[in-house]
Amino acid sequence: MKINILTLFPEMFDIFSHSIIGRAREKKIVEIEPINIRDFSLNKHKKVDDYPYGGGAGMVMTPQPLADSIKYCKKNNKGKVIFLGPRGKTFNQELAKELAKEEELIFVCGHYEGIDERVYKYIDLEISLGDFILTGGEMAAIPIIDSILRLKEGVLGKSESFEEESFSDGLLEYPQYTRPEIFEGEAVPEVLLSGHHENIRKWRRLKSLEVTKEKRPDLYNKVKLSKEDLKLLKNKK
């Protein structure tokens, strides 16, 4: 997968040189290239913002550097242009799965009070992390790109998997335990020590349902319960 990130702060994306994504880049599974929007400014001081027409607080990103940087990227990247902004579709795991099918993507990170409205004609999709304010689009781009890339084949190692993680099937993940068997007087559930794979699977499914119902009833209410789910819930101890 090839990703270009249009930003005023390319150094913020050094985070993708580490951990799982860093390994994927070394193996040439993914390519991430931050591009500085400021480099495209025709202003002699490389200015990329100006006062909003009509007055008001703050500054607005000017259209020329943004438009030209997007055009530059499109020469070698035919992917969707994604703007991180408050008017966008709220990001979730389903959207991550959809975007993970793409081979190329371009992310645009806004700043200040936003971007000039005339730049939106270059935007294919706007995404928001939620109803709160961030310092800049970079803060939203990092978790979004990470969640997309870890779904690409080969990014996660053999010991890592996204198939049973939270949100993968609309539910939160079941509780996890590791050694020691007893910690501060609290023991690991016996079923996990039994070696009975089917009982473990059923226990995990039940706990996933229970945790989601308790912590995220909004998610739980959207889940279509199977006959097995109903039986597990009915017979739980």
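Author: Start with one cut-off: buried means under 20% relative accessible area, exposed means over 50%, and partly exposed lies in between. Keep in mind that this is a predicted model.

Reader: Why is I148 called buried?

Author: I148 has a relative accessible area of 0%. The cut-off is under 20%. I148 is therefore buried.

Reader: Where is I148, and what does I148 touch?

Author: I148 is in helix 4. Leaving out residues up to four places away in sequence, I148 touches M1, F91, A96, L99, A100, L105 and F107. Contact here means heavy atoms within 4.5 Å. K101 lies 47 residues from I148 in sequence, and their C-alpha atoms are 9.0 Å apart.

Reader: Take helix 3 next. Which of its residues are buried?

Author: Helix 3 covers residues 93-100, and L95, A96, L99 and A100 are buried there.

Reader: What makes these buried residues line one face of the helix?

Author: Look down the axis of helix 3: the buried residues fall within an arc of 140 degrees, so they line one face. An α-helix has 3.6 residues a turn, so residues three or four places apart point the same way.

Reader: What do the buried residues of helix 3 pack against?

Author: Their partners are strand 5 (80-90), strand 6 (104-109), strand 7 (125-128) and helix 4 (137-149).

Reader: Why does E126 count as buried?

Author: Its relative accessibility is 12%. The limit is 20%, and buried means under it. So E126 counts as buried. E126 sits in strand 7. Not counting residues up to four places away in sequence, E126 touches F83, G85, P86, R87, G88, K89 and Y120. G157 is 31 residues from E126 in sequence and 31 Å away in space, C-alpha to C-alpha.

Reader: And D116, how do you know that D116 is buried?

Author: D116 has a relative accessible area of 15%. Buried means under 20%, so D116 is buried. D116 is placed in the loop between strand 6 and strand 7. Beyond its neighbours within four places in sequence, D116 is in contact with V60, M61 and P63.

Reader: Y112 is in the loop between strand 6 and strand 7. Why is Y112 called partly exposed?

Author: Y112 has 40% relative accessibility. Partly exposed lies between the buried limit of 20% and the exposed limit of 50%. Y112 therefore counts as partly exposed. Its backbone deserves a look too: phi of Y112 is near 60 degrees, a positive value in a residue other than glycine.

Reader: What is the phi of K28, and is K28 buried or exposed?

Author: K28 has a positive phi of about 65 degrees and is not a glycine. K28 has a relative accessible area of 72%. Exposed means over 50%, so K28 is exposed. K28 is placed in the loop between helix 1 (19-26) and strand 2 (31-36).

Reader: What makes R204 partly exposed?

Author: R204 has a relative accessible area of 29%. That value falls between 20% and 50%, so R204 is partly exposed. R204 is found in helix 5 (residues 197-215). Leaving aside neighbours within four places in sequence, R204 is in contact with Y174 and L192. P175 is 29 residues from R204 along the chain, with a C-alpha separation of 7.6 Å.

Reader: Which peptide bond is cis, from R179 onward?

Author: The bond from R179 to P180, with omega near 10 degrees. P180 lies in the loop between helix 4 and strand 8 (182-183).

Reader: Now the whole chain. How many helices and strands are there?

Author: The protein chain has 7 helices and 9 strands.

Reader: Why is the protein chain called more spread out than a compact globule?

Author: Its radius of gyration is 22 Å. The globule rule gives 18 Å for 237 residues. The value is well over the rule, so the chain is more spread out than a compact globule. The C-alpha trace spans about 70 × 40 × 35 Å along its principal axes.

Reader: How much of the protein chain counts as buried?

Author: Of the 237 residues, 41% count as buried. The chain exposes about 14,900 Å², and carbon and sulfur atoms supply 51% of that area.

Terms used. Residues are numbered from 1 along each chain as its sequence is written. This is a predicted model: local features need pLDDT of at least 70, side-chain atom pairs count only at pLDDT 80 or more; totals for chains, interfaces and linings use all residues. Side-chain values use heavy atoms; hydrogens and water are left out. Helices (H or I, at least four residues) and strands (E, at least two) are DSSP runs, numbered from the N terminus. The radius of gyration is taken over C-alpha atoms; the globule rule is 2.2 Å times the number of residues to the power 0.38. Buried means under 20% relative accessible area, exposed over 50%, partly exposed in between (1.4 Å probe, protein chains only). Accessible areas come from the Shrake-Rupley method with a 1.4 Å probe; for residues, only the protein chains shown count as cover. The arc is that of the directions from the helix axis to the C-beta atoms.
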